[in-house]
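Here's a quick briefing to read alongside the model. Have the sequence and the 3D view open, and follow the topics in order.

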Amino acid sequence: MTVEAPAPPPPLIVVMGVSGCGKSTIGAALADKLGIDFIDGDRLHPQTNVQKMSHGIALNDSDRLPWLADIGRTLRDYRDSGLVLACSALKRIYRDAIRWEVPNVIFVHATGDADLIAQRQSSRHGHFMPASLLESQLSTLQALSPDEIGFEVDIRDAVTAIVAQIFEQLPRIEHLAGER
């Protein structure tokens with residue numbers, strides 16, 4: 001009698017990066033390929049945060065931490081079905097706040113040149129985050145540390161190529177996530 005190993009749990013993935021890097025587009029396409037749900041973390045911001053950002057005021061840590069706890073709880077709520085969530089997660093402490101709820105979360109950092117991101121920001125309309133906050137986000141951004149579960153993707157590539165790259169990396173990364 002052959003005993004099959006239990007199937008690994010579906011992934012919990014945060015596509016992270018500064019505003020305008022394409023994390024929502026990448027996240028939605030990745031979730032579609034994986035057959036799991038996608039949530040844009042911007043939808044979870046309290047109205048006070050949205051108002052501050054829409055007036056060009058950068059959020060501080062005390063503004064972000066309750067939102068990040070909600071991000072973590074939302075991911076935890078999807079642990080049985082899997083979830084891809086777009087969230088800036090700019091600092092290590094922000095990612096740690098998310099990991100507090102879901103230690104096995106995988107971070108995919110959508111990264112690219114500031115000029116390309118600024119160009120993308122200027123071409124989108126109706127988003128509450130003004131392009132004027134890009135510099136603030138870039139100065140706040142901390143790259144993933146070697147001990148964090150995740151990897152970077154280059155936003156210069158087409159979305160389909162980025163998703164293929166992520167899909168290729170997932171088995172190796174999921175193995176690490178499963179050890180937590």
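**A buried loop residue, and what surrounds it**

Ala 89 sits in the loop that runs between β3 (83-86) and α4. Keep in mind that this is a predicted model. Phi of Ala 89 comes out positive, near 45°, and this is a residue other than glycine. Ala 89 counts as buried because its relative accessibility is 0%.

**The chain as a whole**

- You're looking at a chain with 7 helices and 5 strands.
- Going along the sequence, the order is β-α-β-α-α-β-α-β-α-α-β-α.
- The chain has 180 residues, and 42% of them count as buried.
- Take the contacts between residues at least 6 apart in sequence: 76% of them join residues at least 24 apart.

**The core**

- In soluble globular proteins, nonpolar side chains tend to be buried together.
- Here, the largest nonpolar core contains 42 residues.
- Ile 13, Leu 75, Cys 87, Ile 98, Phe 107 and Ile 166 are the ones with the most contacts inside that core.
- What does Cys 87 touch, once its neighbours within four places in sequence are left aside? The list is Val 14, Val 15, Met 16, Gly 17, Lys 23, Trp 67, Leu 68, Ile 71 and Ile 98.

**Val 15 in β1**

- Val 15 belongs to strand β1 (residues 12-16).
- With a relative accessible area of 0%, Val 15 is buried.
- Not counting residues up to four places away in sequence, its contacts include Lys 23, Ile 26 and Gly 27, along with Val 84, Leu 85, Ala 86 and Cys 87. Val 108 and Ala 110 also touch Val 15.
- Between Val 15 and Gly 27 there are 6.0 Å from C-alpha to C-alpha, with the two 12 residues apart in sequence.

**Ile 166 in α7**

- Ile 166 is part of helix α7 (residues 159-178).
- Its relative accessible area is 0%, so Ile 166 is buried.
- Leaving out neighbours within four places in sequence, Ile 166 is in contact with Ile 26, Leu 30, Val 108, Phe 151 and Val 153.
- The C-alpha atoms of Ile 166 and Leu 30 are separated by 7.9 Å, although the two residues are 136 apart along the chain.

**Helix α2**

- Which residues of α2 (residues 47-54) are buried? They're Asn 49, Val 50 and Met 53.
- These three lie on the same side of α2 because they cover an arc of only 100° around the axis.
- An α-helix has 3.6 residues a turn, so residues three or four places apart point the same way.
- The buried residues of α2 pack against α3.

**Where α3 meets α4**

- Helix α3 (residues 61-77) packs on helix α4 (residues 92-101) at an angle of about 35°, and their axes are 7 Å apart.
- Is the crossing of α3 and α4 left-handed or right-handed? The crossing is right-handed.
- From α3, the residues taking part include Leu 65, Leu 68, Ala 69, Ile 71 and Leu 75, as well as Asp 61, Arg 64, Arg 73 and Arg 76.
- On the α4 side, they meet Ile 93, Tyr 94, Ala 97, Ile 98 and Glu 101.
- The residues of this α3 and α4 contact split into 9 nonpolar, 1 polar and 5 charged.

Conventions: Residues numbered from 1 in each chain as written. Predicted model: local features only at pLDDT ≥ 70, side-chain atom pairs only at ≥ 80, totals over all residues. Heavy atoms only, no water. Core = buried A, V, L, I, M, F, W, Y, C linked by side-chain atoms within 4.5 Å. Buried < 20%, exposed > 50% of the residue type's maximum accessible area, 1.4 Å probe, protein only. Contact = heavy atoms within 4.5 Å. Axes fitted to C-alpha atoms, helices over the stretch in contact; angles between N-to-C directions. Helix = DSSP H or I, 4+ residues; strand = E, 2+ residues; numbered from the N terminus. Left-handed = near helix turned anticlockwise from the far one by under 90°. Nonpolar A, V, L, I, M, F, W, Y, C, P; charged D, E, K, R; others polar. Arc of directions from axis to C-beta.
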